Amino acid sequence: MDTLNQLLAELTADEADMIAIRRHLHQQPEISFQEAATSQYIADFYQALDCTVSRVGDGFGLVVDINPDKPGKKLAIRADFDALAVVEDNELPFKSQNKGVMHACGHDAHTAYLMVLARELIKIKDDIPGAIRIIHQPAEEVAPGGAKGMIADGALAGVSDIIGVHVMTSIPTGTIAYHTKESQTGRSNFDIVITGAGGHASMPHLTNDAIVAASYFVTTLQTIVARRVDPFDTATVTIGSFDGVGSYNAIKDQVTLKGDVRMMKESTRLLIRDQIDTMAKGLATTFGVTVEVTYDDNYPVLFNAEALTNFAMTAISNQQLPEVQQVIDLGPQSPSEDFSYYGEVVPATFFYIGAQPQDGGNYPHHSPQFKMNEDSILIAAKAVATVAWHYFDDAVAR
């Protein structure tokens, strides 16, 4: 049996280990930038293994180097490990034991597959003709994201290419999905404080009503996508919070809005930001209020390098993994992902592992009812193992 087939066989035998790790992490979730125990759990796993482990970034990120001194290409493989501030609402026997925190996006599965895959790669490292860097990243969910700090601290030093995956409960288990070039939206957030002059509800003429101004502004913002963005581009502008709580008979003097912007082109990001600023100035003049805009351009558009992505999907398809029924181009996806920061530095590919539960139900990511098919963990491990093994002997990857 050749080395890759032996590796895949070992991963099959390790499936119970992956599930056990995933369930442990699921029971002990930690939110972004607070994952101290999770980080230590991962570090402890590697302690007895023949590899180099470094803390990178804000102290919770970990980099595991396999064959760091081998010449030639260095492939990075990344998985995130943070959870969300969500109250779990299901009856899983391994549901969260940390009240108000939940692995509602599958990052526990990402970490579990990569830990076990790394262990098996370390066992055969002498047969791998190059270097592999395992990146365990915290804080994917919350801006500025964990990737940015890890990159600044050298996580991609010497790295030639990087790959990552995400389990997706909306995709049938057994399907691997991908897209090339612009593949997931970039994201911006903004806070807007509108300040007028409050007063008695019976005397509105003596006030500048912040609620009326803010309501007008929310409606006007929707014209950006409808009338300023090219219809063939992807963009959304959402107000997710309208904080103007007051009383029956008082006109509110201040309202705070929180907004979310998504786009598939960086040029569209700039257009939307400019339009929001312009509209804010117009609102101030029209209603006699002051408008303070705080804008945060965070996650970039996720760009999948065409050659690397096509190579990866060809490698998986040619391997004919028994757990994989199909490999499909899913098209661009609307969520944002801080893996996109890596793709700004080195060629990157990020693809999706179908994880729809066997009952076919709808258990969306980020929801209290989130539930995934754990068969997807082994599929992720085998798919990434296949890509990693062929990476060093395929001309496209060079």
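Tutor: On a 1 Å grid over the protein atoms alone, a pocket is an open set of points with protein on both sides within 12 Å along at least five of seven lines, a cavity is a set of points where a 1.4 Å probe fits but cannot get out, and lining residues have an atom within 4 Å of a point. This is a predicted model, in which local features need pLDDT of at least 70 and side-chain atom pairs count only at pLDDT 80 or more, while totals for chains, interfaces and linings use all residues. Residues are numbered from 1 along each chain as its sequence is written, and side-chain values use heavy atoms, with hydrogens and water left out.

Student: Thanks! Which residues line the second largest pocket?

Tutor: This pocket has a volume of about 170 Å³, a volume being the space filled by probe spheres set on the points, with grid points joined across faces, edges and corners. Its lining divides into four nonpolar, two polar and five charged residues; Ala, Val, Leu, Ile, Met, Phe, Trp, Tyr, Cys and Pro count as nonpolar, Asp, Glu, Lys and Arg as charged, and the others, Gly among them, as polar. The names to look for are R22, R23, L92, F94, P357, Q358, D359, K371, M372, N373 and E374.

Student: And the largest pocket: which residues are the closest to its centre?

Tutor: The largest pocket has a volume of about 450 Å³. Of the 23 residues in its lining, the closest to the centre are C105, P335, S336, H365 and H366.

Student: Which strands each supply at least two residues of that lining?

Tutor: By class, the lining of the largest pocket has eight nonpolar, 10 polar and five charged residues. Strands here are DSSP runs of E with at least two residues, and helices are runs of H or I with at least four, numbered from the N terminus. The strands that each give at least two lining residues are β5 (161–168) and β16 (348–354).

Student: Is C105 buried or exposed?

Tutor: C105 sits in the loop between β3 (74–80) and α4. Buried means under 20% relative accessible area, exposed over 50%, and partly exposed in between, with a 1.4 Å probe and protein chains only. The relative accessibility of C105 is 9%, so the residue counts as buried.

Student: What about H366: what is its phi?

Tutor: H366 lies in the loop between β16 and α10, and it is partly exposed, with a relative accessible area of 41%. Most residues other than glycine have a negative phi. H366 is not a glycine, although its phi is positive, at about 75 degrees.

Student: Now the cavity: which helix gives the most to the lining of the largest cavity?

Tutor: The structure holds one cavity of 30 Å³ or more. Its lining is formed by L7, L121, I128, I132, A385, A388 and W389, which are seven nonpolar residues, with no polar and no charged ones. With three residues, the helix that gives the most is α10 (residues 375–391).

Student: Last one: how many disulfides does a search of the whole structure find?

Tutor: A disulfide is a pair of cysteine sulfur atoms within 2.5 Å. C51, for its part, is buried, with a relative accessible area of 19%. Across the whole structure, the number of disulfides found is zero.
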